[in-house]
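Subject: Structure handover

Hello,

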Amino acid sequence: MPLKSEKILNLPQGTEVIHLEEALQHRTLTRTLNDLYTSWGYLPVKTPVFDFYDNYRQLLTGKGKDNIYRLMDRDGDLLMLRSDITLFLARQMGLLLGETELPTRVCYSDIILRHQHREDISKNEFFQTGVELIGSDGLEGDMEILLLLNKTMSKLELPYYLHLGSRNLFNLIIEEKNRSIKLIEALSERDIESLRSEFSVLFTPEKSAFLCTFFQFIGNATEMKTLLTRGKDFLPVEALKEAEYLIKLSEELNSTGIKGELRLDLSEIGSQPYHTGIVFQAYMDGLDSAVAFGGRYNDLLAHFGFDAPSVGFSILLRKVEALLKKSSFEELELKPVKAEGCSWKERFENAEKLRKEGRIVTL
Amino acid sequence: MKNIEKEPLTLALPKGRLTEQVKELFEENGMGFSFENRKLVAHDKQGLLKIYLVKNSDLPTYINHGIAGLGVCGDDVLFEAGYPFYKLKTFSFGGTAMCIAGHKGDVLEYTDKELKIASKFTNFTRDYFSKMGIPVEVIKLNGSVELAPVLGLTRYIVDLVETGNTLKANNLEVIEKLADINVHLIANPAYYKIHYKRINEMVDRIKDGGKDE
């Protein structure tokens, strides 16, 4: 057999091939989730595969910026491939929607293209499924999205942990822009020493010590109430209200009997600069990073010309699929039978009959 | 369905001196462990931890992929790996410094052309000087970096310096300290989020005499 060239043997970084049973499982799962979203009133949208980079330049930071594929069109304009559907969707909705159409519910399932390091192949960030609720603010919108996320995760039949926090809470406490960048960095690394040192520049030693504990808090509503009692003197009134809102949200969610374990997590402040309210991430045992994430971004659409509060979530579906063998999705029936008959007519008719009974039949 | 609360936490340790120091510290805090002859997996006496012994530079890869949820690692290795980890605790031991060094009496000159530096720590070196607005050309070496100025490959090197004895023996010296390098208990963020209660309990148990007294 002739040796295959390196280009034949490898795919470019950031893309993948799936086939046969694995592709069928992917399609079945995508269809199941799309049907779920439709039943909740969410209509599908398709976003372009690439768009003008300049439209998003201000909204891209950190890793989100680093892993983008950029290219140039024939007119010399810089383009970017779709690396996050939320952004592309916000631009489309910002242009299309009018006040009378609110609230609007949209869902999407599509390929995303992100660079991934040659030696870091575990991320499986190839396919994003999600929903956006546009034009619904506060508890009304937040509850709907979190309940739909729970329903989505329930469909996967895998245990998950939902960590719920708030970017707004962080913004209300840390007003100083320069410091907030360093604090976000320290929080993203859960680097206690850097947190201490950054807080101590802004606040009294007592308040710094409390805020270190506060922003590392993970727990349930009761534990958070105890924390707030301790912190009444250190938190601005608006921040206290936002913290109480998170507690209310978690109590309402738990009252519905959600399947995952809900945790209030004040270190969840959102990785995107456009987050303005609640933020959340869902984790599953056996996965190396969050499988679903989302939040509120009330100013994002305004960036594209239409101001409407929005909230939504995304799931990196290919990440979950690696775990689905442990769930009911492994029960996909893939045992085709061969149609019998003495003539093509007979074989065709027999095959059709069996297919009507739900069998998979080859000719 | 497995009960994750009953499974031991997974911890990767780097082969070498650091592991001996961690072992000593964990022993003092009631979490002693030992690796049987040439084995690379061990459990602590209480069954709280499953410990893997890995090559220092591979440790971030194991944590990033979630094979081990926790690890003990220096800033130097973390910087080169570039993965996003949580730093849960900084240890009192293993600290060192990242320095730029050259021939005795030499100074840092970068006015006329770009700096040419040999180093194992190419990401650190490139980032450090980029942040200062100084163009650098970095030559990757895997060991015995001190030879680079001696043999004329580059005028400067960037390397970890503890005592400075190797530099001295080769007629070199530190020109400038670039950063303190500390050793941390790190965690894969998703792993931490799932197991945060048990991990916090473990971190609270580790009383590092050099830092927590």
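A residue counts as buried when its relative accessible area is under 20%. B:Phe129 has a relative accessibility of 1%, so B:Phe129 is buried. Please keep in mind throughout that this is a predicted model.

Aromatic pairs

Over all chains, the search of the whole structure gives 18 aromatic pairs. One of them joins B:Tyr128 to B:Phe129, edge-to-face, with 5.2 Å centre to centre and 75° between the planes. In chain A, ring pairs tie A:Phe170, A:Phe199, A:Phe203, A:Phe210, A:Phe214, A:Phe215 and A:Phe234 together as a cluster.

Charges over rings

A:Arg347 is placed over the face of A:Trp344, 4.2 Å from the ring centre. A second case involves both chains: A:Arg190 has its charged end over the ring of B:Tyr86, at 5.9 Å from the centre.

The interface of chain B and chain A

Contacts here involve 20 residues of chain B and 28 residues of chain A. About 1900 Å² of area is buried between the two chains, and carbon and sulfur atoms account for 52% of that area. There are nine residue pairs in polar contact across the interface, counting pairs with both residues at pLDDT 80 or more. The number of salt bridges between the chains is three. Among them is the one between the side chains of A:Glu189 and B:Lys87, at 3.9 Å from N to O. On the side of chain B that touches chain A, strand E5 (86-90) and helix H7 (189-205) of chain B supply at least two residues each. H7(B) gives the most to that side, with six residues.

Regards

Conventions: Residues numbered from 1 in each chain as written. Chains lettered and ligands numbered in written order. Predicted model: local features only at pLDDT ≥ 70, side-chain atom pairs only at ≥ 80, totals over all residues. Heavy atoms only, no water. Phe/Tyr/Trp six-rings, centres within 6.5 Å; stacked < 30°, edge-to-face > 60°. Buried < 20%, exposed > 50% of the residue type's maximum accessible area, 1.4 Å probe, protein only. Lys NZ or Arg CZ within 6 Å of the ring centre and 35° of its normal. Contact = heavy atoms within 4.5 Å. Buried area = accessible area lost by both parts, 1.4 Å probe. Salt bridge = Lys/Arg side-chain N within 4 Å of Asp/Glu carboxyl O. Polar contact = N/O pair within 3.5 Å; in protein donor to acceptor, adjacent residues only side chain to side chain. Helix = DSSP H or I, 4+ residues; strand = E, 2+ residues; numbered from the N terminus.
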